[in-house]
Amino acid sequence: MQYKAMLVDIDGTLVVPGEPQIRPEVAKAVAQLQEKGVLVIVATGRAQFAAGKDTLAGLRPDYGIYSNGACVKDKKGKTIFEDRLTPQNMYTLVDFCEDFNYPLAFCYEDGYYAYIEYEEMQNCYYEITGHPEHIKDGEDQDRHLESMPYTAFALVPPEQVKEYYKKYPGLKFVPYCDGKYDVFKPSNTKADGAKVLFEQLGINSKEVLAVGDGMNDIEMFELAGVSYAMGNAHQEVKQVADHIAPDVKQNGVLEVIQQVFGIV
């Protein structure tokens with residue numbers, strides 16, 4: 001089947017964790033795919049500012065599904081869809097994390113503002129992405145007075161997530177790895193953002209290939225016509241995928257593009 005678009009995650013898929021940007025050979029293959037007329041849609045937990053040229057090495061995706069589906073933008077940065085956290089979502093999460101001093105950052109359009117434990121959150125983000133500059137000191141806890149955040153990122157012991165669910169409704173914790181969670185509305189998954197985009201573009205989801213590695217990619221895999229989990233993906237993610245690609249450290253996305261689209 002000739003696929004019209006590729007949905008592709010960034011961290012652990014396009015970019016090796018800890019490396020600051022996409023490798024040149026992978027970026028070249030993705031650009032060649034675009035030249036062939038296939039739409040490249042990044043679908044990521046990152047905000048747009050954290051998925052720019054410093055991370056993608058000049059690669060310009062045709063569309064971006066950011067903040068786990070809470071924001072969808074085109075190549076020029078025009079917003080196609082957005083859905084932010086409610087004040088109640090935000091305040092209950094702050095109250096919960098403050099009770100235990102769990103590091104917490106909120107994702108806004110201009111940065112990740114760490115409301116609790118700024119330095120620890122900055123160090124964590126540096127280990128994951130190599131870009132500590134994306135984390136801003138938000139311990140005054142007033143950034144939301146300008147606009148509400150899209151999502152949050154929290155460092156919480158897994159057993160405490162269950163305690164949060166007992167007390168507060170309305171948010172979903174999805175692990176990046178043990179104790180590190182993306183926190184967002186259940187209705188704002190990458191798949192939900194993709195559905196909005198596909199409807200506007202007139203694309204059938206079965207005409208789309210999806211590549212990812214994280215727990216937040218599962219719904220995206222279930223939506224797409226065919227899915228590839230990276231070799232470094234969690235076992236639960238691999239079980240949902242149609243195929244397993246090589247590890248991100250082995251440039252697995254490059255191999256997928258070569259095999260599926262015939263690009264050398």
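Q: Hi! Is Phe-173 buried or exposed?
A: Phe-173 is buried, with a relative accessible area of 7%; buried means under 20% relative accessible area, exposed over 50%, and partly exposed in between, using a 1.4 Å probe and protein chains only. This is a predicted model, where local features need pLDDT of at least 70, side-chain atom pairs count only at pLDDT 80 or more, and totals for chains, interfaces and linings use all residues. Residues are numbered from 1 along each chain as its sequence is written, and side-chain values use heavy atoms, leaving out hydrogens and water.

Q: Which ring does Phe-173 form an aromatic pair with, and at what angle?
A: Tyr-181 is one partner, edge-to-face at 5.8 Å centre to centre with 75° between the planes. Rings of Phe, Tyr and Trp (its six-membered ring) pair if their centres lie within 6.5 Å; planes under 30 degrees apart count as stacked, over 60 as edge-to-face and the rest as tilted.

Q: And how accessible is Tyr-181?
A: Tyr-181 counts as buried, at 7% relative accessibility.

Q: Which residues are in the ring cluster?
A: Ring pairs link Phe-173 and Tyr-181 with Phe-96, Phe-100, Tyr-102, Tyr-164, Tyr-165 and Tyr-168.

Q: Switching topic, what lies over the face of Tyr-150?
A: That's Arg-84, 4.3 Å from the ring centre. The rule asks for NZ of Lys or CZ of Arg within 6 Å of the ring centre and within 35 degrees of the ring normal.

Q: What does Ile-257 touch?
A: Leaving aside residues up to four places away in sequence, Ile-257 touches Met-6, Ala-29, Val-30, Leu-33, Gly-262 and Ile-263. Contact here means heavy atoms within 4.5 Å.
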